[in-house]
Amino acid sequence: MTNAPVDADEQAADAAARRPGADSAVVADAGELSRALVVVVDDRAALGEASSTLGPLLGELLDEAGFHVDATVAVAGDEIEIRNALNTAVIGGVDLVVSVGGVGVGARDVTPEATEPLLDRRLQGVEEAIRSSGLSAGATDGGISRGLAGISGQTVVVNIADSRAAVRDGMATLMPLAHYVIGHISDF
């Protein structure tokens, strides 16, 4: 093995490959932030009875991952309200919409049912990666989540379970995958 000098182009390519979501064919413009919207599915937060700590946490994690968060919206666990909030984000042209909550097995957990009709393509690998990493990290609700992931128009839509552990782990798994998908769908 030799210690041959590495030229500047090779160093730049190596640095690009280490960036989250980087791909040799798709590297986002460094000055361009992707846009995101957060949808919190929580009856009490939607009524203004309690504030959700998960919306600000998601906003912070998205900001750290290079997204500009347009807004955080709280909606009740109602299929029509959830679908309207997600559809508004898609029509608004955000790159990523992440919903938190409503993906369990309770009667009001209808986020997957609200999401599915909006999706042009499912990203089942992303869904399974989020569930698998949730179980590995001990976030049981993240591991048994019925949350979906997919593409609607030019927007990536993802449902995540509503615990801090599920959000932190789910977002750590999602961010490189979301950057990759956004980079590819924006080519069209």
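**Exercise 1: The surroundings of Asp-42**

In this predicted model, the side chain of Asp-42 comes within 2.9 Å of the backbone nitrogen of Arg-44. Determine where Asp-42 lies, which residues Asp-42 touches beyond four places away in sequence, and whether Asp-42 is buried, partly exposed or exposed.

Solution. 

Step 1. Locate the residue. Asp-42 belongs to the loop between strand 1 (34–41) and helix 2 (43–46).

Step 2. List the contacts. When residues up to four places away in sequence are left out, Asp-42 touches Val-75 and Ala-76.

Step 3. Classify the exposure. The relative accessible area of Asp-42 is 30%. Buried requires a value under 20% and exposed a value over 50%. Asp-42 is therefore partly exposed, its value being 30%.

**Exercise 2: Strand 5 and its partners**

Describe how the residues of strand 5 (residues 149–152) point, and state how many bridges join strand 5 to strand 4 and to strand 6.

Solution. 

Step 1. Sort the residues by direction. Ala-149 and Ile-151 point one way from strand 5, whereas Gly-150 and Ser-152 point the other way. In a regular strand, side chains alternate between the two faces of the sheet.

Step 2. Consider burial. Ala-149, Gly-150, Ile-151 and Ser-152 are all buried.

Step 3. Pair strand 5 with strand 6. Here 4 bridges join strand 5 to strand 6 (residues 155–160), again in antiparallel fashion. Ser-152 stands opposite Thr-155.

Step 4. Inspect the connection. Strands 5 and 6 form a hairpin with 2 residues between them. Gly-153, in the turn, has a positive phi of about 65 degrees.

**Exercise 3: The chain as a whole**

State how many helices and strands the protein chain contains, and what percentage of its residues count as buried.

Solution. 

Step 1. Count the elements. The protein chain has 8 helices and 6 strands. From the N terminus on, their order is α-β-α-α-β-α-β-α-β-α-α-β-β-α.

Step 2. The protein chain comprises 188 residues, of which 44% count as buried.

How values were computed: Residues numbered from 1 in each chain as written. Predicted model: local features only at pLDDT ≥ 70, side-chain atom pairs only at ≥ 80, totals over all residues. Heavy atoms only, no water. Buried < 20%, exposed > 50% of the residue type's maximum accessible area, 1.4 Å probe, protein only. Pairing = 2+ DSSP bridges. Contact = heavy atoms within 4.5 Å. Polar contact = N/O pair within 3.5 Å; in protein donor to acceptor, adjacent residues only side chain to side chain.
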